[in-house]
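Subject: Structure handover

Hello,

I am passing on the structure we talked about. Please look through it first; my notes follow below.

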Amino acid sequence: MPSFEYITEDQKKVVEELRRRTFDDLTPKMREDESVFYRFCKARDFDLDEAETMLRKHIAWAKEIKLDTFLTDYKPPEVRIFFRSIIN
């Protein structure tokens, strides 16, 4: 976990518990982001259950839209084909 200078011991415990509960469900890219657990806890005022619910919804959404592979898998249409259909 990154060093958060202004986080209390109780808040650290909430962040670590959220990590423990959800780590196996995260996408590989999300696991690379050390601050993900802190951000979701902070967004829900360190209410563990609310933070977990919010994070799980985010995980489901990210998997649904394939967020981790969007940039590598996206194949834009070829411009020539697009403009040919407009011109003809």
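Helices here are DSSP runs of H or I with at least four residues, strands are DSSP runs of E with at least two, and both are numbered from the N terminus. On that basis the protein has six helices and zero strands, in the order α-α-α-α-α-α from the N terminus on.

Two notes on how to read the values. This is a predicted model, in which local features need pLDDT of at least 70 and side-chain atom pairs count only at pLDDT 80 or more, while totals for chains, interfaces and linings use all residues. Residues are numbered from 1 along each chain as its sequence is written, and side-chain values use heavy atoms, with hydrogens and water left out.

Overall figures

Of the 88 residues in the protein, 25% are buried (under 20% relative accessible area; exposed is over 50%, partly exposed in between, with a 1.4 Å probe and protein chains only). The exposed surface comes to about 6,900 Å², and carbon and sulfur atoms supply 55% of it (Shrake-Rupley method, 1.4 Å probe; for residues, only the protein chains shown count as cover). Taking the contacts (heavy atoms within 4.5 Å) between residues at least 6 apart in sequence, 53% join residues at least 24 apart.

The UniProt record, an unreviewed entry, annotates residues 33-58 as "domain: CRAL/TRIO N-terminal". Such positions are given in the numbering used here, feature names are shortened, and annotations may be inferred rather than shown by experiment. In the model, residues 33-58 are 73% helix and 0% strand, with the end C-alpha atoms 14 Å apart.

Helix α3 spans residues 36-43, and its buried residues are V36, F37, Y38, F40 and C41. They pack against α1 (9-22), α2 (28-32) and α4 (48-64).

The axes of α1 and α3 come within 9 Å and cross at roughly 115 degrees (lines fitted to C-alpha atoms, for helices over the stretch in contact, with angles from 0 to 180 degrees between N-to-C directions). On the α1 side the contact is made by V14, V15, L18, R19 and T22, and on the α3 side by F37, Y38, F40 and C41.

Individual residues

F37, in helix α3, counts as buried because its relative accessibility is 3%. Leaving aside neighbours within four places in sequence, F37 is in contact with V15, L18, R19, T22, F23, L26 and L55. F37 and L55 are 18 residues apart in sequence, and their C-alpha atoms are 8.2 Å apart in space.

Not counting residues up to four places away in sequence, L55 touches L18, T22, L26, M30, V36, F37 and F40.

T22, in helix α1, is buried, with a relative accessible area of 0%. With neighbours within four places left aside, the contacts of T22 are F37, E52, L55 and R56.

F23 lies in the loop between α1 and α2 and is partly exposed, at 28% relative accessibility. Beyond four places in sequence, F23 touches R31 and F37. F23 and F37 are 14 residues apart along the chain, with 9.2 Å between their C-alpha atoms.

Regards
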